[in-house]
Amino acid sequence: MISSLTNGLQTAWRQPKLVLLLWAWNLMLALAVALPMWTWLRGALDLTVEGPALLGQFNIGALADLTKYANPNPFTLLGAGGRGVVLVAILASAFVNGGVLEVLGTADDRRTFMHRFFRGGGHFFWRYVRLMLLAGIAGLLVTGVVAAALVPALQPLNDAEWGWGPYVAMLITAAVLGIVGGFFVLALDYARIRVARDDSRGMFRAYFGAMGFVARHALATYGMAIVVLVIVGIVLLLYVGHETVWTTTGWATMLLLMAVQQVVVLARTGLRVALVGAE
């Protein structure tokens with residue numbers, strides 16, 4: 001497991017173009033939601049005396065006042081735009097993952113990076129869409145059954161006089177559902193790799209074969225994913241702590257904070273490439 005993770009990190013380090021391309025794609029998705037909200041916010045702040053104060057410190061009350069009489073409500077637009085972006089991101093992930101695996105699997109190919117990325121994205125797109133549907137259906141069904149079974153199993157904890165009982169029940173539920181749901185997500189990752197390696201067209205065989213692989217190597221497959229998730233979590237916690245103690249003094253400071261945010265996103269993207277390389 002350690003050697004695989006080391007190889008994955010080295011792979012991400014050797015593929016800066018891939019990491020930057022994925023970062024740029026994530027940035028485009030974020031801008032699709034952020035720019036309309038930014039446009040509304042600029043117009044709203046121009047009409048309120050509290051606008052300069054919000055540059056120095058975020059105030060949820062002032063923001064609530066801005067949105068109270070807005071028509072349409074910006075959060076309604078934000079939610080609609082966010083759902084659209086999520087849908088596009090899910091569909092596009094089939095193309096993106098095909099491109100990633102093609103690039104990682106053809107490091108000795110002399111053709112250009114973009115040629116290989118788009119070749120892989122187009123070549124595997126529909127197969128990866130079918131894999132996602134398989135993983136989604138199987139994951140939702142099994143996770144739903146497990147969640148339903150946990151309700152009566154943990155009822156004694158919820159009914160106990162011990163004050164921490166309900167919280168322990170919640171933690172157990174989250175852990176079990178995370179393990180079960182993670183199994184189908186990991187199987188999807190390894191099924192993609194199997195299809196890219198063998199150029200397989202049998203998606204059922206690829207996915208159920210990947211499920212067997214994850215089950216047989218649960219310690220390594222879960223372990224690598226957990227290590228990467230922990231590192232991502234630490235990076236995000238450091239970022240949130242940094243944002244909490246930082247005081248904005250104007251547009252320059254805000255732009256600097258945005259730059260720090262994008263460095264965090266870039267690091268998270270690199271870790272995702274590292275996980276795929278390790279897998």
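**Close-up views of a predicted all-helix model**

**Figure 1. Arginine 192, a buried residue of helix H8.** With a relative accessibility of 7%, arginine 192 is classed as buried (relative accessible area under 20%; over 50% is exposed, and partly exposed lies in between; 1.4 Å probe, protein chains only). Arginine 192 sits in helix H8, residues 165-198. Helices here are DSSP runs of H or I with at least four residues, strands are runs of E with at least two, and both are numbered from the N terminus. The side chains of arginine 192 and aspartate 189 form a polar contact of 3.3 Å. Such a contact is a pair of N or O atoms within 3.5 Å; within protein, one must be able to donate a hydrogen and the other to accept it, and residues adjacent in sequence count only if both atoms are side-chain atoms. Beyond neighbours within four places in sequence, arginine 192 touches Asn97, Leu101, Tyr128, Leu131, Met132 and Arg272 (contact: heavy atoms within 4.5 Å). The model is predicted: local features need pLDDT of at least 70, side-chain atom pairs count only at pLDDT 80 or more, and totals for chains, interfaces and linings use all residues. Residues are numbered from 1 along each chain as its sequence is written, and side-chain values use heavy atoms, with hydrogens and water left out.

**Figure 2. The largest cavity.** One cavity of 30 Å³ or more turns up in the whole structure. The search uses a 1 Å grid over the protein atoms alone; a cavity is a set of points where a 1.4 Å probe fits but cannot get out, and lining residues have an atom within 4 Å of a point. The largest cavity holds about 40 Å³. Volume is the space filled by probe spheres set on the points, which are joined across faces, edges and corners. Its lining consists of Asn97, Leu101, Asp189, Arg192, Ile193, Arg272, Val276 and Glu279. Helix H5 (74-105), H8 and helix H11 (251-278) each give two or more residues to this lining. H8 gives the most, with three. By class, the lining of the largest cavity has three nonpolar, one polar and four charged residues. Nonpolar covers Ala, Val, Leu, Ile, Met, Phe, Trp, Tyr, Cys and Pro; charged covers Asp, Glu, Lys and Arg; the others, Gly among them, are polar.

**Figure 3. The second largest pocket.** A pocket is an open set of points with protein on both sides within 12 Å along at least five of seven lines. Its lining counts 31 residues; Asn97, Val185, Asp189, Arg272 and Leu275 lie nearest the centre. Helix H2 (16-46), H5, H8, helix H10 (218-245) and H11 each supply two or more. H8 again gives the most, here eight residues. The lining of the second largest pocket divides into 21 nonpolar, six polar and four charged residues.

Figure 4. Aspartate 199 lies in the loop between H8 and H9. Its phi is positive, about 55°, although aspartate 199 is not a glycine. At a relative accessible area of 37%, aspartate 199 is partly exposed.

**Figure 5. Confidence across the helices.** The protein has 11 helices and zero strands. Mean pLDDT, the predictor's confidence in each residue from 0 to 100, is 86 for the protein, and 87% of residues reach 70 or more. Where pLDDT is low, predicted coordinates should not be read in detail.
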